[in-house]
Amino acid sequence: MSTDRHDTPPCAELHVHVEGTLEPDLIYALAERNAVALPYRDIDDLRRRYEFEDLSSFLDLYYANMAVLQTADDFADLATAYFARAAAGGVRHVDLFFDPQAHLVRGVALATVVEGLGRAIDEAAERFDLTVGLIACFLRDRSPEEALAVLRDLLSMDAGIIGVGLDSAERGNPPALFEEVFALAAANGLRRVAHAGEEGPAAYVAEALDVLGIERVDHGIRSIEDPRLLARLAAEGVALTVCPLSNVRLRAVATMADHPLPQLIAAGVRVTVNSDDPAYFGGYVDDNYRALADVFGWGPAELAALARHSATASFASPEGRQRLLDEIDEWERRAVGV
Ligand code: HPA
Ligand code: ZN
């Protein structure tokens with residue numbers, strides 16, 4: 001089996017933005033294909049810009065680089081490159097985020113985006129032994145009315161999404177603004193997640209659970225500041241999709257050694273490990289597991305426990321979740337045995 005020699009476990013990835021997997025090489029290749037003029041001297045000049053002060057300084061580059069994504073083929077190539085890299089790192093299922101509004105505002109039609117992503121997703125099972133659920137995220141720094149209109153369009157075009165999320169600049173854009181959007185999503189049988197407690201306060205985590213009815217919290221690390229919230233997350237078994245390398249690169253935490261992930265685990269919270277925007281933050285999901293193992297001295301048992309949470313908290317089918325749990329057991333047995 002291809003996973004036998006992996007130093008990190010097979011897992012599901014529950015928090016990755018497909019646009020955040022756009023590597024510099026692909027940015028340059030697509031710019032050439034689409035005759036898009038990039039505002040950088042060369043690829044090294046672009047790479048030098050991957051130093052971020054905070055979430056919004058990252059988002060500026062993230063949105064700017066999307067200019068090269070124009071056709072359905074571009075979206076298919078983007079997603080396929082991510083699936084190949086993720087599968088090589090042991091990912092067996094992905095709940096994949098995309099940002100419809102970030103493309104609509106550039107004049108790229110929703111149908112173009114979902115056609116390209118859908119094509120890559122359809123091929124992923126055969127090519128990479130990977131299942132994928134597609135989640136449309138709404139940009140919380142744009143209006144709830146716009147989000148509602150986009151959701152209605154997604155529903156009427158049968159875009160193949162399994163859920164909705166909420167991302168972009170968090171501070172000052174509380175979850176409750178999007179109550180109606182998430183209610184419509186729920187009424188249409190969609191799964192619901194939201195970024196909360198990344199840069200925003202712990203109160204946004206509770207608000208997203210209470211008002212939006214979310215099933216998982218994306219990031220959620222600032223929950224560590226509120227003991228009552230921590231107790232609630234643990235009691236209700238709410239999963240957090242934590243992205244350690246992202247948190248360091250966006251300075252949500254000072255260093256990896258300062259990351260609250262061990263305390264979240266100690267508090268009984270169901271923590272999962274994810275990459276967020278791997279092309280921007282220095283690593284894919286396996287790199288995140290490896291960074292945690294290095295800094296906290298974790299071995300196969302701790303990594304397998306995190307991977308099991310990724311399986312059980314994923315939106316994969318019951319059979320897919322069980323298959324992954326079996327693979328994780330097998331990985332742990334071999335990892336401990338060597
Ligand atoms: N936070 C909020 N919005 C985002 C992120 C993130 O980490 N990545 C892409 N959009
Ligand atoms: Zn994110």
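In the predicted model, an oxygen atom of ligand 1 is placed 2.7 Å from a side-chain N or O atom of Asp 276, a polar contact being a pair of N or O atoms within 3.5 Å; within protein, one atom must be able to donate a hydrogen and the other to accept it, and residues adjacent in sequence count only if both atoms are side-chain atoms. The protein covers 100% of the 260 Å² of accessible area that ligand 1 has on its own, with areas taken from the Shrake-Rupley method with a 1.4 Å probe and, for residues, only the protein chains shown counted as cover. The model is predicted, and local features need pLDDT of at least 70, side-chain atom pairs count only at pLDDT 80 or more, and totals for chains, interfaces and linings use all residues. Residues are numbered from 1 along each chain as its sequence is written, chains are lettered from A and ligands numbered from 1 in the order in which they are written, and side-chain values use heavy atoms, with hydrogens and water left out.

Ligand 1 is surrounded by residues including Leu 55, Phe 58, Tyr 62, Glu 198, His 219 and Asp 277, where a residue is near a molecule or strand if one of its heavy atoms lies within 4 Å of it. Ser 168 belongs to the loop between β4 and α8, helices (H or I, at least four residues) and strands (E, at least two) being DSSP runs numbered from the N terminus. Its phi is positive, about 80°, although Ser 168 is not a glycine. Ser 168 counts as buried because its relative accessibility is 6%; buried means under 20% relative accessible area, exposed over 50%, and partly exposed in between (1.4 Å probe, protein chains only).

The zinc ion (ligand 2) is coordinated at 2.0 to 2.2 Å by NE2 of His 15, His 17 and His 195 and by OD of Asp 276. Donors are N, O and S atoms within 2.8 Å of the metal (3.2 Å for Na, K and Ca), and water is not among the atoms, so sites may look incomplete. The donor residues follow the spacing H-x1-H-x177-H-x80-D in sequence. His 15, in strand β1 (residues 11-17), and Asp 276, in the loop between β8 (270-273) and α13 (278-281), are 261 residues apart and link distant parts of the chain. His 15 is buried at 0% relative accessibility, and Asp 276 is buried at 2%.

Strand β2 (residues 91-98) contains Phe 98, a residue buried at 0% relative accessibility. Beyond four places in sequence, Phe 98 touches residues including Val 18, Val 114, Leu 134, Cys 137 and Ile 161, contact meaning heavy atoms within 4.5 Å.

Asp 129, in the loop between α6 (110-128) and β3 (131-139), has a positive phi near 55° and is not a glycine. Asp 129 is partly exposed at 39%.
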